[in-house]
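Subject: Structure handover, aromatic contacts

Hello,

Here is the structure for your files. My notes on the ring contacts follow below it.

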Amino acid sequence: MKLYLRYFTIHLKSVMQYKTSFLLTAIGQFLVSFNVFLGVYFMLQRFYRVKGFTFSEILLCFSILLMGYTLAECFARGFDTFSSTISNGDFDRIMVRPSNVMLQVLGSKIEFTRVGRMLQAIVMFIYGIHNSQVDWNFNKIITVIFMIIGGAVLFTGIFIIYAAFCFFTIEGLEFMNIFIDGAREFGKYPVNIYGKRILQITTFIVPYALIQYYPLLYILDKDGKDWYMFLPLLAILFIIPCYCFWKMGIRHYKSIGS
């Protein structure tokens with residue numbers, strides 16, 4: 001943790017050298033997410049409900065998922081940009097350093113500008129709480145925390161898979177954006193609106209539904225079982241096969257000869 005905090009401090013000092021650039025980029029991140037909010041807003045102005053979910057309930061759903069995604073993109077950005085680390089030979093230097101390889105990649109890039117997107121998620125979350133008429137209690141508050149943590153770990157796992165593929169292909173695979181940016185986009189709505197098959201895939205293969213749809217049912221009292229509140233913790237286990245795939249990629253790696 002001392003080493004990671006050192007990485008954190010270095011990145012923070014670096015980004016603060018260009019405060020105007022940081023501020024403008026953060027504002028840009030806020031505005032991009034705001035456009036997504038407008039899309040949901042205009043959709044629900046016409047149809048009022050989507051599969052039984054109101055506008056404020058959908059915002060509550062989307063904001064929680066966006067918080068988890070933003071945390072992952074902020075602190076696990078090193079895995080998302082790992083293809084450049086491989087192609088320019090930097091990973092060879094990482095391999096010979098006497099520190100944990102994954103920790104070095106994790107600390108190689110931290111995107112503080114994602115604070116703009118996080119601010120947008122918080123605004124949507126507050127609006128969703130205020131207008132969704134949820135009967136809040138301690139368990140539901142804990143469920144929201146589990147959803148955010150589970151989402152951050154889940155997306156970090158997907159970033160790790162994306163990085164691990166680079167050991168075999170050198171370049172990043174664009175199809176992985178289906179599971180990263182695509183998940184953020186279709187996560188605007190509860191995943192059950194996309195049909196039974198998608199719900200099954202997002203439950204048992206890439207478990208987005210465990211950190212989004214099922215806990216949301218519990219929070220909104222829409223036939224959600226009490227044990228749904230623990231499903232985001234189950235989604236955290238997704239990081240295990242991701243880590244195993246990463247280790248397999250490292251064993252396969254033989255340098256790019258740079």
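Rings of Phe, Tyr and Trp (its six-membered ring) are taken as a pair if their centres lie within 6.5 Å; planes under 30 degrees apart count as stacked, over 60 as edge-to-face and the rest as tilted. The model is a predicted one. It holds 22 aromatic pairs.

One of these joins tyrosine 41 and phenylalanine 55: the ring centres are 5.7 Å apart and the planes meet at 70°, so the pair is edge-to-face. Tyrosine 41 belongs to helix H2 (residues 19–47) and phenylalanine 55 to helix H3 (residues 55–75), so this contact ties together parts 14 residues apart in sequence. With 31% relative accessibility, tyrosine 41 is partly exposed, whereas phenylalanine 55, at 13%, counts as buried.

Phenylalanine 155 and tyrosine 208 form a tilted pair, with 5.9 Å from centre to centre and 35° between the planes. Here phenylalanine 155 comes from helix H9 (residues 138–169) and tyrosine 208 from helix H12 (residues 208–211), so the pair ties together parts that are 53 residues apart in sequence. Phenylalanine 155 is buried, at a relative accessible area of 1%, and tyrosine 208 is buried as well, at 4%.

Two other items concern rings. Phe79, Phe82, Phe91, Phe167, Trp246 and Tyr253 are linked into a cluster by ring pairs.

Regards

Notes: Residues numbered from 1 in each chain as written. Predicted model: local features only at pLDDT ≥ 70, side-chain atom pairs only at ≥ 80, totals over all residues. Heavy atoms only, no water. Helix = DSSP H or I, 4+ residues; strand = E, 2+ residues; numbered from the N terminus. Buried < 20%, exposed > 50% of the residue type's maximum accessible area, 1.4 Å probe, protein only.
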